[in-house]
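Please look through the sequence and the structure below before reading on.

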Amino acid sequence: MEVSVMEDILGGNDKIAAENAQIFKNNNIFALNIIGSPGAGKTTLLEKTIGKLKKSLNMAIIEGDLFTSKDADRIASHEIPVIQINTSGGCHLDAAMVQKVLPQLNLAELDLVIIENVGNLVCPAEFNIGEDSKAAVLSITEGDDKPLKYPLIFKEAAVSILNKVDILPFTNFDMASAKNDITCLHPGIEIIETSCQQESGIDEWCKWLENAVKSKQNG
Amino acid sequence: MHEMAMAEGIMDIVKDYAEKNNAVKVHTISLLIGEMTGVVVDSLEFCFKALSKGTIAENAEIKLKNVPLVGHCNDCNWQGHIENYNFFCPHCKSGHMDIISGRELRVEYLEVD
Amino acid sequence: MCSTCGCSTHGQGTQIQFFVTGYDADNAKAVEKQLLGLPGVLHVHIHTHDGETTINYNPSKTRLSELTAVFEQKGLQAAI
């Protein structure tokens, strides 16, 4: 017998991502997908964020890595619900991986779920996991030429965080040039300069997050 | 293109629909492949053959339907096949062309038992 | 998908090449900036001297007509 299908071959991930988005919506949760190279400072930034926001927002973190639970262990020490997903070689989180762990969270009680993606500036940009927004983290040591080399993530992200600005004096990173390139790729994107070591820009970043959660919850 | 990723996508859809319809064997898989997708047919068939071994879709025939690259001119309403990837309207020479079809990558139907 | 980087959900960008007449140093830079700012456009390369303009973009995010509109707005002629 003939079975009519009419399904996009590469649509599998998007369908599951849409389901995840609905789950977040039903529970009034703002979901953020943080993307950046290995060593950009994603986990440290999250630790600082938790320090500032855990009193005012109910948050949970989903960590994505190939192997180890090192990042989840760091987050767990801050007494926030955290789940580690190990991809065992996969270079990005996909919607199915995230959907599998959502039942482990007490979604009804959460305001904010941050998903720290696998360290990678390329592949995670291609795959929606049901998030409300993506954040692109670029550190000073990676070089000011990276936005044009990895345009997709800067186009996809609602906010770009330029991290480790305390090291600027020791590098040839041209801040104006990097910001100009990012803005060319994505007119209107929010750019926030941070240093986790010196705790600068963290308040600005947390304000952005709080506003995002508020907007989501006010519908 | 990424024929292996596509073969996996096809396999997922086939398994899903076969299960939903209580099928025991898949004989034919009909695909709609747009002209502009750049799919290498031999590569896709090879990848799918490898993936479907030992599954309900082993030895299934893959039928490919090519969907032509058709454009529509927003200035003069001309609509037709785009030749040589030339996206200027052959009628009025304007560049305001939209792609109507030719980008599809879809499983159209299955023949199952 | 993407087991060891077969990546990409819908194919990595389409490349299209225009030959543009009327470039000068200023408008070429302006065209590059405007094109790059469009949602689906990933890469733009312009040869100001002979007008060769290569664009890598995702047609499901940006229409071809939006690309050609950028040249028109600047009073430039673009041919394929």
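Over all chains of this predicted model, the count of salt bridges comes to 16.

**Salt bridges**

- E131(A) and K134(A) form a salt bridge in which the closest N and O atoms are 2.7 Å apart, and both of these residues are buried.
- K61(C) and E156(A) meet through their side chains in a salt bridge, with a distance of 2.8 Å from N to O; because K61(C) lies in the loop between strand 3 and helix 2 of chain C, while E156(A) belongs to helix 6 of chain A, this pair joins two chains.
- K61(C) counts as partly exposed, at 39% relative accessibility, and E156(A) is likewise partly exposed, with a relative accessible area of 26%.
- A network of salt bridges links E131(A), K134(A), E156(A) and K61(C).
- D145(A) and K149(A) form another salt bridge, whose closest N and O atoms are 3.4 Å apart.
- K149(A) is exposed, its relative accessible area being 51%, whereas D145(A), at 32% relative accessibility, counts as partly exposed.
- As a general point, side chains that carry opposite charges can pair when their charged atoms come close.

**Nonpolar core**

- The largest nonpolar core is made up of 48 residues, and those with the most contacts inside it are F18(C), L35(C), I55(C), L67(C) and F71(C).
- Elements of two chains supply at least two residues each to this core: from chain A these are strand 6 (133-139), helix 6 (151-156) and helix 7 (175-185), and from chain C they are strand 1 (14-21), helix 1 (25-36), strand 2 (41-46), strand 3 (52-57) and helix 2 (64-73).
- When its neighbours within four places in sequence are left aside, F71(C) is in contact with F18(C), V20(C), Y23(C), V31(C), L35(C), T53(C), I55(C), L76(C) and A78(C).
- In soluble globular proteins, nonpolar side chains tend to be buried together.

Conventions: Residues numbered from 1 in each chain as written. Chains lettered and ligands numbered in written order. Predicted model: local features only at pLDDT ≥ 70, side-chain atom pairs only at ≥ 80, totals over all residues. Heavy atoms only, no water. Core = buried A, V, L, I, M, F, W, Y, C linked by side-chain atoms within 4.5 Å. Buried < 20%, exposed > 50% of the residue type's maximum accessible area, 1.4 Å probe, protein only. Helix = DSSP H or I, 4+ residues; strand = E, 2+ residues; numbered from the N terminus. Contact = heavy atoms within 4.5 Å. Salt bridge = Lys/Arg side-chain N within 4 Å of Asp/Glu carboxyl O.
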